Amino acid sequence: MDASKEILTPAFQILTGLSFMLFLLVMLRIRAVLRGAGGMLLKLAMLGIPLGFLILAQAGREYSLGGAAGLLLAAGGCFFVSLVLMGGGMVLLVRDGPVGGKPQA
């Protein structure tokens, strides 16, 4: 087995743990500020990133690219959905303005 392949699964597992810890830290600090539909979309978008890394860690266990293709597509789809949710959340937050403030021009 190639040494570079052996590092894939642990690397993506570390990224999964770090991104989930970042999600928890952000939610503990600014959970009350992210209200409404825009805030909910941003929270869901942040959860998609650790999920994508977890799927990539599972794909790293496969012996061939063909065997990992389905998992790689699922991880890419997860990252794409997170990006769409993040963009939608930002649009809604900018449109509605800051919490308790006036919408921006």
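This note goes through the helices, their packing and a nonpolar surface patch in a predicted model.

1. Ground rules. In this predicted model, local features need pLDDT of at least 70 and side-chain atom pairs count only at pLDDT 80 or more, while totals for chains, interfaces and linings use all residues. Residues are numbered from 1 along each chain as its sequence is written, and side-chain values use heavy atoms, with hydrogens and water left out.

2. Overall build. The chain has four helices and zero strands. Helices (H or I, at least four residues) and strands (E, at least two) are DSSP runs, numbered from the N terminus. Along the sequence the pattern reads α-α-α-α. Of the 105 residues in the chain, 26% are buried. Here buried means under 20% relative accessible area, exposed means over 50%, and partly exposed lies in between (1.4 Å probe, protein chains only).

3. Packing of α2 on α3. Helix α2 covers residues 8-30 and α3 covers 36-59. Their axes come within 7 Å and cross at roughly 165 degrees. That makes α2 roughly antiparallel to α3. Axes are lines fitted to C-alpha atoms, for helices over the stretch in contact, and angles run from 0 to 180 degrees between N-to-C directions. Angles under 35 degrees count as roughly parallel, over 145 as roughly antiparallel, 65 to 115 as roughly perpendicular, and the rest as oblique. The crossing of α2 past α3 is left-handed. A crossing is left-handed if the near helix is turned anticlockwise from the far one by less than a right angle, and right-handed if clockwise.

4. Packing of α3 on α4. The axes of α3 and α4 are 8 Å apart, and the helices pack at an angle of about 165 degrees. So α3 is roughly antiparallel to α4. Again the crossing, α3 past α4, is left-handed.

5. The nonpolar patch. Phe-20, Leu-24, Met-40, Leu-44 and Leu-47 form a nonpolar patch on the surface. Together they have about 430 Å² of accessible area. Such areas come from the Shrake-Rupley method with a 1.4 Å probe; for residues, only the protein chains shown count as cover. Patches are made of residues with over 30% relative accessible area and no salt bridge; like charges are joined within 9 Å, nonpolar side chains (Val, Leu, Ile, Met, Phe, Trp, Tyr) within 5 Å. A salt bridge is a side-chain nitrogen of Lys or Arg within 4 Å of a carboxyl oxygen of Asp or Glu.

6. Who supplies the patch. Both α2 and α3 give at least two residues each. The largest share, three residues, comes from α3.

7. Leu-24 lies in α2 and is partly exposed at 40% relative accessibility. Leu-47 lies in α3 and is partly exposed, with a relative accessible area of 37%. These two leucines, Leu-24 and Leu-47, are 23 residues apart in sequence and 9.6 Å apart in space, C-alpha to C-alpha. At 42% relative accessibility, Leu-44 counts as partly exposed.

8. Leu-54. This residue is in α3. Its relative accessibility is 40%, so Leu-54 counts as partly exposed. Leu-54 and Leu-15 are 39 residues apart along the chain, and their C-alpha atoms are separated by 8.3 Å.

9. Ala-74. Look for this one in α4 (residues 65-96). Ala-74 is partly exposed at 35% relative accessibility. Ala-74 and Leu-51 are 23 residues apart in sequence and 9.9 Å apart in space, C-alpha to C-alpha.
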